[in-house]
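Hi,

Here is the model I promised to pass on to you. Please open it first and then read my notes below.

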Amino acid sequence: MDIIDRENSGRVINVSGAEIGGGAFTLIAGPCAIESREQLFAAADGVKAAGAELLRGGAFKPRTSPHDFQGLGAEGIRLLLEARERTGLPVVTEIVDPRQIPLFEQVDLIQVGARNMQNYELLKELGHVDKPVLLKRGLASTIKELLMAAEYIMAGGNERIILCERGIRTFETATRSTLDLSAVPVLHEKSGLPVLVDPSHAMGAARFVPPMALAAVAAGADGLLIEVHADPAHALSDGAQALRPEEFAQLAEQARQIRRIVRG
Ligand code: PEP
Ligand code: MN
């Protein structure tokens, strides 16, 4: 394969002032979906207070059922930019269609979700965008396929890519997905790109998120992607896996402790 430039080993990606990779440890947190200004601000204030470096929130939601909340779309992105103004945190949100690229003009980091990891036309278009891309591993994708997806973006000239392990589908049904932490050192070795871990979508249940988040830090992840909601019981998507802001604050503290032990 040997597609990704090994010279780039340990590269740091600057996302509007927030560093990812190259020795930095980065927490990205926020709600699964942007539901309203009040809901987003409550989560944003919480993750900011807990010391997160970036704020996440989905405006375009790829849902399994077409009858489920699909996200606020362009209005969601507007609210996310308001939350950035309020907190000072750079923002990340998911793109699901290359035609949406103009709407992402002011977004700091563009997320490609698991369902679109092999949407090659989308990846090719993002290769021509002057913005970093957070590329999540597909639901049933191998490490090699994830690297090839990154290569699609790089081939167009955009080398600012951050990889994210978010669990893969296996025979196991006790968790939403199976978190493949072995991907962390392997992706580091093969790509030199920053590797984040998202234990929220892997586990699917809030109580299982902290232990696997800490395990991911111990495995050498460059940061975590964590879903946070101030009122998980009433969340319009992925409420079961959302941490409350105070739970996230505790996890953030523990994650930084583990990071110090691992990295010295
Ligand atoms: C998300 O981050 O909200 C999301 C939809 O994740 P994934 O693409 O990993 O399922
Ligand atoms: Mn989600």
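What follows is a short tour of the two ligand sites.

This is a predicted model, in which local features need pLDDT of at least 70 and side-chain atom pairs count only at pLDDT 80 or more, while totals for chains, interfaces and linings use all residues. Residues are numbered from 1 along each chain as its sequence is written, chains are lettered from A and ligands numbered from 1 in the order in which they are written, and side-chain values use heavy atoms, with hydrogens and water left out.

Let's start with ligand 1. Its surroundings include Lys61, Glu94, Gln111 and Lys136 (a residue counts if one of its heavy atoms lies within 4 Å). By type, the shell has seven charged, three polar and two nonpolar residues (Ala, Val, Leu, Ile, Met, Phe, Trp, Tyr, Cys and Pro are nonpolar, Asp, Glu, Lys and Arg charged, the others polar). Oxygen atoms of ligand 1 lie 2.6 Å from a side-chain N or O atom of Arg166 and 2.7 Å from one of Arg56. On its own, ligand 1 exposes 290 Å², and the protein buries 97% of that (Shrake-Rupley method, 1.4 Å probe).

Now for the metal. Which residues coordinate the manganese ion (ligand 2)? They are Cys32 (SG), His201 (NE2), Glu227 (OE) and Asp238 (OD), at 2.1 to 2.4 Å (donors are N, O and S atoms within 2.8 Å of the metal, or 3.2 Å for Na, K and Ca). Cys32 sits in the loop between β3 (26-30) and α1 (37-49) and His201 in helix α6 (residues 199-203), so this pair links parts 169 residues apart in sequence (helices are DSSP runs of H or I, at least four residues, and strands are runs of E, at least two).

Enjoy exploring!

Terms used:
A polar contact is a pair of N or O atoms within 3.5 Å; within protein, one must be able to donate a hydrogen and the other to accept it, and residues adjacent in sequence count only if both atoms are side-chain atoms.
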